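Colleague: I'd like to learn how to read a sheet and a nonpolar core. Could you take me through an example?

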Amino acid sequence: MTEQKPLVEIKDLNHWFGDGDQRKQVLRSINLTVQPGEITILLCPSGSGKTTLLTMVGGLRSAQNGSLRIFNEELRQTSKTNLTRLRRKVGFIFQAHNLMPYLNSQQNVRLGLEVVPEWLEQGRAAMNYRCNEVLGQVGLGERIDYFPSKLSGGQKQRVAIARALAASPQLLLADEPTAALDKDSGRDLVDLFRTLARDNKTAIVMVTHDNKILDIADRIVKLEQGSLVE
Ligand SMILES: Nc1ncnc2c1ncn2[C@@H]1O[C@H](COP(=O)(O)OP(=O)(O)O)[C@@H](O)[C@H]1O
Ligand SMILES: [Mg+2]
């Protein structure tokens, strides 16, 4: 059997915020490897550096030292162009949904496709078809033409999830994705995550405090005082 290449490989990663007296270490010698199809849960109290770590893995915040590889490419010292290219392969579900208020569900989800050249080439009709498909997967098939102001908090969060999933990212990073969802839609979401991991080999790194969904993880790691503990 050939060894599979990890989608995420973090070695000895440290991170500090602030300067001088204010300088504070948030991440300490983080080591983490994530394989395709693997679901990793980061479990820890708030303020422990989870969001910082996720945004670094997604290429949204630059690493100061150590090594951070995604898709087998080092993120540190890579060019802006390459970083943009790599970011497009990552689906990111933020704590806040960040939907555009003047776009309906389908149009908001389409934003997730319009950054991908291959999808743009396919044209509007193909993109809309894909948007409706993925809105259906998150249980919003009946809400494709609704604007955010007409959706509940949980429904808005599901639109944001659909947007993150639209381009079928191989790596999905989710920052407390079930926090705004009721129990049943939270469960539906993690079931969808499990299907994506199993069928599409999507690697999922998820931050959560939600004890009800820990059972879907292949691995649970804790951040304690900036260090990871399995
Ligand atoms: N941009 C920033 N500048 C300074 N300190 C920050 C910044 N972002 C986060 N922090 C601090 O870093 C620590 C970890 O933050 P964060 O990664 O958001 O934690 P979590 O997501 O686990 O709640 C917190 O103490 C927070 O105050
Ligand atoms: Mg956070």
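Colleague: How many strands form the open sheet, and in what order?

Modeller: Strands of a sheet pair through backbone hydrogen bonds, either parallel or antiparallel. In this predicted model, 6 strands make an open, mixed sheet ordered β6-β7-β8-β3-β9-β10. Strands are DSSP runs of E, at least two residues, and helices runs of H or I, at least four, numbered from the N terminus; two strands pair if DSSP finds at least two bridges between them. Numbering runs from 1 along each chain as its sequence is written, chains are lettered from A and ligands numbered from 1 in the order written. Local features need pLDDT of at least 70 and side-chain atom pairs 80 or more, while totals for chains, interfaces and linings use all residues, and side-chain values use heavy atoms, without hydrogens or water.

Colleague: Which strands stand at the edges?

Modeller: β6 (90-93) and β10 (227-229): each has a single partner strand, so one side of each lacks a neighbour in the sheet. β6 pairs with β7 (171-175) in the parallel sense over 4 bridges, and Ile93 has Ala174 as its bridge partner.

Colleague: And which residues touch the most other members of the largest nonpolar core?

Modeller: In soluble globular proteins, nonpolar side chains tend to be buried together. A core is a set of buried (under 20% relative accessible area, 1.4 Å probe, protein chains only) Ala, Val, Leu, Ile, Met, Phe, Trp, Tyr and Cys residues joined through side-chain atoms within 4.5 Å. Here the largest has 38 residues, and Val109, Phe193 and Met206 touch the most other members. Another core, of 32 residues, lies apart from it and includes Leu68 and Val90.

Definitions and conventions. Buried means under 20% relative accessible area, exposed over 50%, partly exposed in between (1.4 Å probe, protein chains only).
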